[in-house]
Amino acid sequence: MLVSSVWRERSRWWFSAGLLAGGLTSAVVAVALGLLVRPVVRPVPAAVAVVAVAVLVGLNEFGLLRLRLPQNGRQVPESIGDDGPRYGALHFGFEMGTGVRTYMTTGLPHVLVLAVALCATWPQGLAAGLAFGAGRAAMVLARHAHRDDGHWDGRLAAYDRTLRLLLTFACCCVLAVVLLAATGTG
């Protein structure tokens with residue numbers, strides 16, 4: 001669970017705000033870097049690259065393929081909690097919200113960031129960043145709302161495959177909308 005000093009009283013809302021800010025920041029960076037690449041990579045090849053990565057990640061999600069996806073496989077340092085219940089929680093949330101300095105339990109954000117960089121408009125990119133931060137916040141808030149006896153963790157483990165299927169399907173639907181718009185076929 002989270003560092004207790006980051007999760008007391010109203011700190012969880014600062015933490016959640018940090019998650020949203022981190023997701024937005026990652027989206028801004030992805031779109032900005034994508035703007036450097038888009039003049040060279042045409043929309044259709046970009047869409048093909050995103051679909052290829054989505055297929056690989058989808059196969060990985062269902063255990064049909066084992067990929068080691070890029071991630072910074074360490075936790076956000078607990079020392080951030082020493083910064084106080086507001087700033088510490090906000091900072092900790094921001095670190096997790098970027099998705100850059102934490103464990104990633106799924107490869108779907110990799111597909112998302114590639115699609116944002118190569119194909120998304122600014123509004124689509126910002127919506128994706130907010131959705132990533134909100135998704136992380138929803139998981140943490142849901143976990144916090146349950147009793148602390150492993151019940152939530154057990155339920156999550158029991159429905160892991162179903163959740164992966166639903167999240168992969170939702171990711172594919174969003175990708176379809178973005179890619180159709182980006183290639184001018186939608």
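Two salt bridges were counted in this predicted model, a salt bridge being a side-chain nitrogen of Lys or Arg within 4 Å of a carboxyl oxygen of Asp or Glu. Because the model is predicted, local features need pLDDT of at least 70 and side-chain atom pairs count only at pLDDT 80 or more, while totals for chains, interfaces and linings use all residues. Residues are numbered from 1 along each chain as its sequence is written, and side-chain values use heavy atoms, with hydrogens and water left out.

Side chains of opposite charge can pair when their charged atoms come close. Helices here are DSSP runs (H or I, at least four residues), numbered from the N terminus, as are strands (E, at least two). E61 is buried, at 6% relative accessible area. Buried means under 20% relative accessible area, exposed means over 50%, and partly exposed lies in between (1.4 Å probe, protein chains only).

R164 also forms a salt bridge with D160, at 3.1 Å from N to O. These two residues are four apart in helix α8, or about one helical turn. An α-helix has 3.6 residues a turn, so residues three or four places apart point the same way. D160 is partly exposed, with a relative accessible area of 33%. Through shared partners, the salt bridges join E61, D160 and R164 into one network.

Helix packing was examined next. Two packed helices are described by the angle between their axes and the distance between the axes. Helix α2 (residues 11–37) packs against α4 at about 35°, and the axes are 6 Å apart. Axes are lines fitted to C-alpha atoms, for helices over the stretch in contact, and angles run from 0 to 180 degrees between N-to-C directions. Contact means heavy atoms within 4.5 Å.

Helix α5 is mostly covered, with eight of its 11 residues buried. Among them are L108, H110, V116 and L118. The cover includes α2, α3, α6 (122–145) and α8 (160–183).

V51, V55, L56, L59, L64 and L67 make a nonpolar patch of about 490 Å². Patches consist of residues with over 30% relative accessible area and no salt bridge; like charges are joined within 9 Å, and nonpolar side chains (Val, Leu, Ile, Met, Phe, Trp, Tyr) within 5 Å. Accessible areas come from the Shrake-Rupley method with a 1.4 Å probe, and for residues only the protein chains shown count as cover. L56 lies in helix α3 (residues 43–61) and is partly exposed at 40% relative accessibility. L65 sits in the loop between α3 and α4. L65 is partly exposed too, at 30%. Leaving out residues up to four places away in sequence, L65 touches L56, L59 and N60.

V100 lies in the loop between α4 (87–98) and α5 (108–118). V100 is exposed, at 58% relative accessible area. Its C-alpha atom is 8.4 Å from that of S26, 74 residues away along the chain.
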